[in-house]
Amino acid sequence: MDLEAAKMVGAGLAAIGAGMAALGVGNVFGSFLESALRNPGAADGQQGRLFIGFAAAELLGLLAFVVAMIILFV
Amino acid sequence: MHQFTVEPLVGADWNLWGYNVAFTNSALWMLLAFVALTVFMVGGMKRQMVPGRWQMAVETFTGFIDDLVTANIGHGGKKYVPYVFSLFMFILFANLLGLMPLGVVGVHPFTFTSHFSVTGVLAIMSFAIVLAVGFWKHGLHFFSLFVPSGTPLVMAIIIAPIEFISFLFRPFSLALRLFVAMMAGHVLLEVLSSFVISGWSAGPGFGVLVGIPSFVLMVAICALEILVSGIQAYVFALLTSLYINDAEHLH
């Protein structure tokens, strides 16, 4: 395998991280919705924490995108 | 990609201490975001007892950020409201301005938040405030941020370096999140629109099979991008106020 092909494969593998982040973000919002429907009164107060969790989970997917871009273009 | 290139508009040969300081399209759109923000704010700051629509819109934003800062910083948080509010509104206007379909009338918007240098400066500003407040208020006691209270000594040896690294990574994660989210969205839109164009130019069969679904997806992704613009501005303001809370109250 030459370097160009290996780069492409590496960038493709890095894209797995984006899918993993999708699982994470879905889990954050899914769990929030599940418990918000059980106790709607307490849901509004937890919105800040919801977005902290979302931001933390999403960051790793974005990092995977950055890694793919660095592999491909830098 | 052409939409991300920074090119000088005026003064390509202006130099300051050996650095080029030309007025670029990035600077132009920052200026436009500032002007739009100023018009929006000045138009709404009327202090009428019965607010009109415009004043109501401005008050919704100020109330939103006020609640955010009060909930996350609590005691002593009021003095950070202007900073967090400016940050939130500037990022929000920048993101939304970059999404405007102005290409229809021949003006191509430039999303300056899709550049690491811009978001990096915003993140460094937030981080500098955290450091300044922390050291000014707590002195060297600020370093106790790295050892959560009640940690046994054995654990503290392991936890302190980890906390230290995660603390130093904060400005990068702040800047990287905004920049990548905006860039990825615009790249996605560009890729989908290239599908539409090359699908139709490959013939009507490909046009119906590839072009139309891509176009429908593009419209949906555009709506998602508007949501992401708001969420990213919110997350930036939220995390900034969380980090300031760390500096203000330690753990």
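UniProt, in an unreviewed entry, lists residues 12–30 and 50–73 of chain A under "transmembrane region". What you have here is a predicted model, where local features need pLDDT of at least 70, side-chain atom pairs count only at pLDDT 80 or more, and totals for chains, interfaces and linings use all residues. Residues are numbered from 1 along each chain as its sequence is written, and chains are lettered from A and ligands numbered from 1 in the order in which they are written.

**Annotated stretches of chain A**
- UniProt positions are given in the numbering used here, with feature names shortened, and annotations may be inferred rather than shown by experiment.
- Residues 12–30 of chain A come out as 95% helix and 0% strand, with 27 Å between the end C-alpha atoms.
- For residues 50–73 of chain A it's 100% helix and 0% strand, and the end C-alpha atoms sit 34 Å apart.
- The unreviewed UniProt entry also puts "domain: V-ATPase proteolipid subunit C-like" on residues 9–71 of chain A.

- Helices (H or I, at least four residues) and strands (E, at least two) are DSSP runs, numbered from the N terminus.

**Chain B at a glance**
- Chain B has six helices and four strands, in the order β-β-β-β-α-α-α-α-α-α from the N terminus.
- Its C-alpha atoms fill a box of roughly 70 × 55 × 45 Å along the principal axes, and 26% of its 251 residues count as buried.
- Of the contacts in chain B (C-beta atoms, placed from the backbone, within 7 Å) with a separation of 6 or more, 61% join residues 24 or more positions apart.

**The largest nonpolar core**
- A nonpolar core is a set of buried Ala, Val, Leu, Ile, Met, Phe, Trp, Tyr and Cys residues joined through C-beta atoms within 7 Å.
- The largest one has 47 residues, and B:F88, B:I91, B:F236 and B:A237 have the most contacts inside it.
- α6(B) supplies the largest share of this core, 10 residues.
- Leaving aside neighbours within four places in sequence, B:F88 is in contact with B:I65, B:A233 and B:A237.

**Where the chains meet**
- Chain B puts 12 residues into the contact and chain A eight.
- On the chain B side, α5(B) gives the most, with six residues.

**Helix α1 of chain B**
- This helix (residues 25–44) has 20 residues and reaches 29 Å from first C-alpha to last, close to the 28 Å expected.
- B:S26, B:A33 and B:G44 are its buried residues. Seen down the axis of α1(B), they fall within an arc of 30° (taken from the directions from the helix axis to the C-beta atoms), so they line one face.
- The face turned away carries residues that are exposed (12 or fewer such C-beta atoms), among them B:L31, B:V35 and B:V42.

Methods. A residue is buried if 20 or more other C-beta atoms lie within 10 Å of its own, exposed if 12 or fewer, and partly exposed in between; C-beta atoms are placed from the backbone. Two residues are in contact if their C-beta atoms, placed from the backbone, lie within 7 Å. The expected span of a helix is 1.5 Å times one less than its number of residues.
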